[in-house]
Amino acid sequence: MIYVLGSINNDMTLEVERIPKKNERGAAESCVARLGGKGALQAVAIAKLAKRDDSDKPAVRLIGRVGNDGVGEKLITELAEYGVDTTFVRQVKRATGMTLAAATPKDTRTLVYGGANNGLSKTDVDEALEHADSSDTLLCQTEIPLYVVVYALRKARSLGMTTILNPSPAKSLPDDVYCNVDVIVPNDEETTELTGVHPTDFGAQKNAMRYFHARGVQYVVITLGANGCSLSDGAYIVSHIPPYKSAAVDTSAAGDAFVGALALTYPHTGMYSFEEACAFATKAASITASRRGGAESIPNMAEVCELYNKFIDD
């Protein structure tokens, strides 16, 4: 089982011609509401990629909180429909988390309200991981209270679980976090925030990866958007995987698709090497970026395998 500890949001995007000026009331051309939050989207990615047919048991269990309201209920239902085990998604007396974005043809301005996500606690972690063992994986991000993430990683390590950290959004992390992380997956901006190294070329990327290795992380993957990803196991593998060239139309869920695909394929299934898992995750992210939407844009296993095989044949 893969446990995902993270945020669940109601994402709302307003498409506007331009951002209103101070004290100006602007009009939106459209409004789209959809399932969001890094925890939710990464859990959906795992569920969609793991599912072969309707008889499959869930491969992923989400640990999170939503509001005790219609929005929270709707998000739980949607997660379950994608195949996510929502046993440990609690409804609480607090508003569901929200992301509000104003998107113009040139850029996007975003505000995040943590809401129920900010109430996640050590108790949520203890209850969810009560029966977890060394065959399981814990995936975390940093869109929820950091002390809960630190506690969860420490607890998972004590249980012998594999631990994966996607340090997004970027926050300063205490050094003792790293010794409880098996795989860390920052993007280029998060890498700069955490290491002080700008990963603009492969040499700088290797320096940044050494920073994480020196603090106890065995596997490092730096995602580079349209430039693929770089990875290192601290011993034998230091590599760059180029992107699969596709026409990107919406990259909002691509990073979460990458992390979810990586968490599923390495080391949980044992079917892929570290480098193969990163290549697979790159394909999943490429497909996601070529589609509009959030959770609905994330591909299933057959779609990624088709692209993966085409990439090898080419």
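The model is predicted. Select the strands first: nine of them form an open sheet, ordered β5-β4-β1-β8-β9-β10-β11-β12-β13, and the pairing is mixed. The edges of this sheet are β5, residues 85-92, and β13, residues 238-241, each of which pairs on one side only.

Now select residues 162-166, which make up strand β9, together with residues 183-184, strand β10. These strands run parallel and are joined by two bridges. Display Leu-165 here, and Ile-184 in β10 will be found opposite.

**Two helices on the sheet**

Next, select residues 38-50, helix α1, which packs on the sheet. Helix α1 touches β1 (2-5), β4 (60-67), β8 (137-141) and β9. Between the direction of helix α1 and that of β4 the angle is about 150°.

Proceed to residues 202-214, helix α7, which also packs on the sheet. The strands touched by helix α7 are β10, β11 (219-223), β12 (229-232) and β13. The direction of helix α7 makes about 140° with that of β11.

**Salt bridges**

Side chains of opposite charge can pair when their charged atoms come close.

Select Arg-61 and Asp-85 with side chains shown; their closest N and O atoms are 3.1 Å apart, and the two residues form a salt bridge. Arg-61 belongs to strand β4 and Asp-85 to strand β5, so this pair ties together parts 24 residues apart in sequence. Are these two residues buried or exposed? Both Arg-61 and Asp-85 are buried.

Asp-126 is in helix α3 (residues 122-128) and Lys-155 in helix α4 (residues 146-158), so the pair ties together parts that are 29 residues apart in sequence. Asp-126 has a relative accessible area of 29% and is partly exposed; Lys-155, at 23% relative accessibility, counts as partly exposed.

Finally, select Arg-18 and Glu-24. Which distance separates the closest N and O atoms of this salt bridge? The closest N and O atoms of Arg-18 and Glu-24 are 2.6 Å apart. A surface display shows Arg-18 as partly exposed, with a relative accessible area of 45%, and Glu-24 as partly exposed at 32% relative accessibility.

Notes: Residues are numbered from 1 along each chain as its sequence is written. This is a predicted model: local features need pLDDT of at least 70, side-chain atom pairs count only at pLDDT 80 or more; totals for chains, interfaces and linings use all residues. Side-chain values use heavy atoms; hydrogens and water are left out. Two strands pair if DSSP finds at least two bridges between them. Helices (H or I, at least four residues) and strands (E, at least two) are DSSP runs, numbered from the N terminus. Contact means heavy atoms within 4.5 Å. Axes are lines fitted to C-alpha atoms, for helices over the stretch in contact, and angles run from 0 to 180 degrees between N-to-C directions. A salt bridge is a side-chain nitrogen of Lys or Arg within 4 Å of a carboxyl oxygen of Asp or Glu. Buried means under 20% relative accessible area, exposed over 50%, partly exposed in between (1.4 Å probe, protein chains only).
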